[in-house]
Amino acid sequence: MTTNPTEVSRPFFACEDIALDLGGREILKGISLGVNAGEVLGIIGPNGAGKTSLIEVLSGRIAAKSGTVSFDGHDITALKLYERARLGIGRTYQTPVVPEELTVAEVLKAARQAYRPYCTRHQAEWAMELVHLQVKERLPASELGTLNRRKLLLACLLMRRCPLLLLDEPAAGMINSEVDEFDHLIRLLSKELNIAIVIVEHRIELLDTIADRVMVMDAGDTIAEGTLAEILDDDRVHEAYFEGSAA
């Protein structure tokens, strides 16, 4: 069979020409990206670049003005947040908020029974081991530190074998030793479990170790994309990210 040379395989997860207006302001200006299974795409940019707004659109929490989102070969543009979550699109937020009135065991149980098919206790235990969450299950979630809160939230997603994770500044609030541990965890998830990961992060040292590609945003637009070494050598990136607004 002859292959059409113009055919290009579609990424596992992608968006094309995403535009977003909020409060009369143009927030995103035709953003496109793609990420494959087992790949980590890092997104950086100065404050106000539109990074979190893009994650909001990709997760389905905010509807774009125009553009499309695809997942595993299917157009999911019209799907809402909970519908995308049930497909296996996991998302974390800048602040690792957990139900502080619940114990760790109760948080995991709530996640197991969030929707059908329910996850088993064994699946929850597997996810806890995977993220190295080594705390007593009867411990109140309110007593967890930042790293363990993020691990607990990841375990809640991973027990359902999410093939895609959207992570918004996951290293925020961590000390260097915790960032190193989180670095190992992200590499495990992407390379050994073949999970596609899109990560917004300000810490260049973290992206240096985990990101296969980095996309740079400024004022709602993409100004560069490539390896970290390539984008750090781009004059536009230096002007926008390092010499412009504080990151």
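Visitor: What is the bridge partner of Gly42 in E9?
Guide: Bear in mind that this is a predicted model; in it, Gly42 has Val214 as its bridge partner in E9. The strand E3 pairs with E9, residues 213-218, in the parallel sense, and four bridges hold that pairing.

Visitor: And in E8, which residue is the bridge partner of Gly42?
Guide: In E8 the bridge partner of Gly42 is Ile199, and E3 and E8, which covers residues 196-200, run parallel and are joined by four bridges.

Visitor: Why is E3 described as largely enclosed?
Guide: Five of the five residues of E3, residues 40-44, are buried, so the strand is largely enclosed by the rest of the structure. Val40, Gly42 and Ile44 point one way from E3, while Leu41 and Ile43 point the other way, and all are buried.

Visitor: Moving on to H1, how many of its residues are buried?
Guide: Eight of the nine residues of helix H1, residues 51-59, are buried, which leaves the helix mostly covered; among them are Lys51 and Glu56, along with Leu54 and Ile55. Just after H1 comes Gly60, which takes a positive phi of about 95°.

Visitor: What about aromatics, how many pairs are there?
Guide: There are two aromatic pairs in the structure. In one of them, Phe12 and Phe71 have ring centres 5.1 Å apart and planes at 65°, so the pair is edge-to-face. That pair links distant parts of the chain, with Phe12 in the segment before strand E1 and Phe71 in strand E4, 59 residues apart. The rings of Phe13 and Phe71 have their centres 6.4 Å apart and their planes at 70°, so this pair is edge-to-face.

Visitor: Which residues form the aromatic cluster?
Guide: Phe12, Phe13 and Phe71 form one cluster; Phe12 and Phe71 are buried, and Phe13 is buried too.

Visitor: Which ring does the charged end of Arg161 sit over?
Guide: The charged end of Arg161 sits over the ring of Trp126, 3.8 Å from its centre, and elsewhere Arg91 lies over the face of Tyr93, at 3.7 Å from the ring centre.

Visitor: Last topic: how much space lies in the largest pocket?
Guide: The largest pocket holds about 550 Å³ of space. It is lined by 20 residues, and those closest to its centre are Ala85, Ile89, Gly90, Arg91 and Leu157. Helix H2, strand E6 and helix H5 are the elements that each give two or more residues to that lining, which divides into 13 nonpolar, four polar and three charged residues.

Methods. Residues numbered from 1 in each chain as written. Predicted model: local features only at pLDDT ≥ 70, side-chain atom pairs only at ≥ 80, totals over all residues. Heavy atoms only, no water. 1 Å grid on protein atoms, 1.4 Å probe; cavity = no way out; pocket = protein on both sides within 12 Å on 5 of 7 lines; lining within 4 Å. Points joined across faces, edges and corners; volume = space filled by probe spheres on them. Nonpolar A, V, L, I, M, F, W, Y, C, P; charged D, E, K, R; others polar. Buried < 20%, exposed > 50% of the residue type's maximum accessible area, 1.4 Å probe, protein only. Pairing = 2+ DSSP bridges. Phe/Tyr/Trp six-rings, centres within 6.5 Å; stacked < 30°, edge-to-face > 60°. Lys NZ or Arg CZ within 6 Å of the ring centre and 35° of its normal.
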